[in-house]
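User: I would like to go through the charged pairs and the helix packing here. Could you take my questions one at a time?
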Amino acid sequence: MDTSGPKKTCCESVRDFFTSAKFLIYMGHAMSTWGDRMWNFAVAVFLVELYGNSLLLSAVYGLVVAGSVLLLGAIIGDWVDKNPRLKVAQTSLLVQNSCVILCGILLMVIFQFKEQLVELYNGWILTTCYILVITIANIANLASTATAISIQRDWVVVVAGRDSSSLADMNATVRIIDQLTNILAPMLVGQIMAFGSPFIGCGFISGWNLCSMCVEYALLWKVYQKTPALASKAGVKQPQQELKRLGSPKDSESGQSPEDSSQPLMNETSAAAAADSPKSRGCCYQASEPLRTLKAGWVAYYNQNIFLAGMSLSFLYMTVLGFDCITTGYAYTQGLNGSVLSLLMGASAVAGICGTVAFTWVRKRCGLIRTGFFSGAAQLACLMLCVVSVFAPGSPFDLSVSPFQDIYTHLMGEKALPEAEHLTGLFAGGNATTPSPAEELPPLPSYMSVSLLFAGVIAARIGLWSFDLTVTQLIQENVIESERGVINGVQNSMNYLLDLLHFIMVILAPNPEAFGLLVIISVSFVAMGHIMYFGFAFKSLGSRLFHCCSPEQKLEPADGLSLPTVA
């Protein structure tokens, strides 16, 4: 006799899924990232358009954004830790969308009355508007960072419960949403700006964020209602509520459990501050509170068992081997036009989605830590194609050319006309090697080098995104609840730091002849990152790192992630 309850019909199962907390999280994340991708794409175009087709404002904006997250990442994370989940999510959501709406309106005013603003007070009013746009957009980015830490690094863990497989599936789904919106959202706003105007584009983005803010606010409230565990946010880790941390050798030697040996450093700092209460009344002491929080956050990050894993992910940001403005610019110099690059970007997105699917498949069969090891090896192997491309036929690699030769010749005015005609052909959608009436450009001897370069970059995305998901879940599962925000804030700061270094590297060697050297340096940093991860994995698993078990065996306890499975 079957004592189990009645089985759900197909319609009931579909209804339960579309009303579940997981689906609501996905919907809110999709709307949030769609708006973020549209804004991030459009603001760079708007700044170039406003400043006479110069990259100066875009460069200043990028520097301000990166520097702000680098300095304030730990403080933002600490704020996320010390406040209730719903308050953090709603506040960051309102601040982010309100700033984008305000910035969009301000840009509309600038586009509409730019000529009049230039004449007022010798252009100082317009300069003030530029400063306001960059400042407000930076605040929106900081609020977006707080939202990402709160939802993707904390809420997702609680909604997944204590099921590691469910957490992996949610992380993979969130990353697939990121990949799709990263391609589709810029395409939409780009078409609106192309067939309309920047003024219309600003209005559309402001309107989208206004509507999206209301819907996301309601979705957050529904998720909060459907997941009672979100209401409790303990300051100290509770074993029955939190995921277990990785055991370290020093914990075993001292006979302490991971929970006992890894008390939050942020709480220790707070306790010390409480003990020194008379001093806390001083203005100087209160003014230095952010600095103490910043220091405590970095110390807490350094003392995590997953420190090497987090550092390994940061090192992957020190690379020119991605689909950013640097690689795109190099591709233009090698004869690839916009249509080819758009296809390559699409292939990159497909490879990233394949990487997220591969992550869930490999994790179930080999365990989480081994998945990161295999993903890193796969990424590094694919990047060897990029190293080969440096020496392949058609490569402009030539270290005898001065890195600043292009800058000098541009300042001397020797190549002004050919460069202008070259860029005109690019923005018109033509091939960079199309001969101009003024000067016949020599044809490229071979496309083998640039083909190998992009083949390696696209193939490496599979391992890259799988590795990124691995480190993300390691941080989620092995950082105690009271430090999730600050640790993820410091992780974001590390990522931005290495990203800044890669831009500095390009500034020091900007010409195409030196791009091969940048490729070799990039692959070297990726290799160093994966060596760090190998050290972390070998420390956690020892020789068992190389022993893949059968699919039926549970590998989480061996990996140090002893998570009970939800029935």
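User: Which residue forms a salt bridge with Arg37?
Analyst: The model is a predicted one. In it, Arg37 pairs with Asp178, and their closest N and O atoms are 3.9 Å apart. The pair links distant parts of the chain, since Arg37 belongs to helix α2 (residues 21–50) and Asp178 to helix α7, 141 residues apart.

User: Is Asp178 buried or exposed?
Analyst: Asp178 has a relative accessible area of 10%, which is under the 20% limit, so this residue counts as buried.

User: And what about Arg85, what is its salt-bridge partner?
Analyst: The partner is Glu481, with 2.5 Å between the closest N and O atoms. Arg85 lies in helix α4 (residues 85–112) and Glu481 in the loop between α21 and α22 (484–508), so the bridge ties together parts that are 396 residues apart in sequence. Both Arg85 and Glu481 are buried.

User: How many salt bridges are there in the whole structure?
Analyst: The search finds 8.

User: Switching to packing: at what angle do α7 and α21 cross?
Analyst: The axes of helix α7 (residues 164–195) and helix α21 (residues 448–478) cross at roughly 135° and come within 10 Å. That angle makes α7 oblique to α21. The crossing is right-handed.

User: Last topic, the surface. Which residues form a nonpolar patch?
Analyst: Leu120, Tyr121, Trp124 and Ile125 do, with about 480 Å² of accessible area together. Of these, Trp124 lies in helix α6 (residues 124–159) and is exposed, at a relative accessible area of 59%.

Definitions and conventions
Residues numbered from 1 in each chain as written. Predicted model: local features only at pLDDT ≥ 70, side-chain atom pairs only at ≥ 80, totals over all residues. Heavy atoms only, no water. Patch = residues over 30% accessible without salt bridge, like charges linked within 9 Å, V, L, I, M, F, W, Y side chains within 5 Å. Areas by Shrake-Rupley, 256 points an atom, 1.4 Å probe, with all protein chains shown as cover. Salt bridge = Lys/Arg side-chain N within 4 Å of Asp/Glu carboxyl O. Helix = DSSP H or I, 4+ residues; strand = E, 2+ residues; numbered from the N terminus. Buried < 20%, exposed > 50% of the residue type's maximum accessible area, 1.4 Å probe, protein only. Axes fitted to C-alpha atoms, helices over the stretch in contact; angles between N-to-C directions. Parallel < 35°, antiparallel > 145°, perpendicular 65-115°, else oblique. Left-handed = near helix turned anticlockwise from the far one by under 90°.
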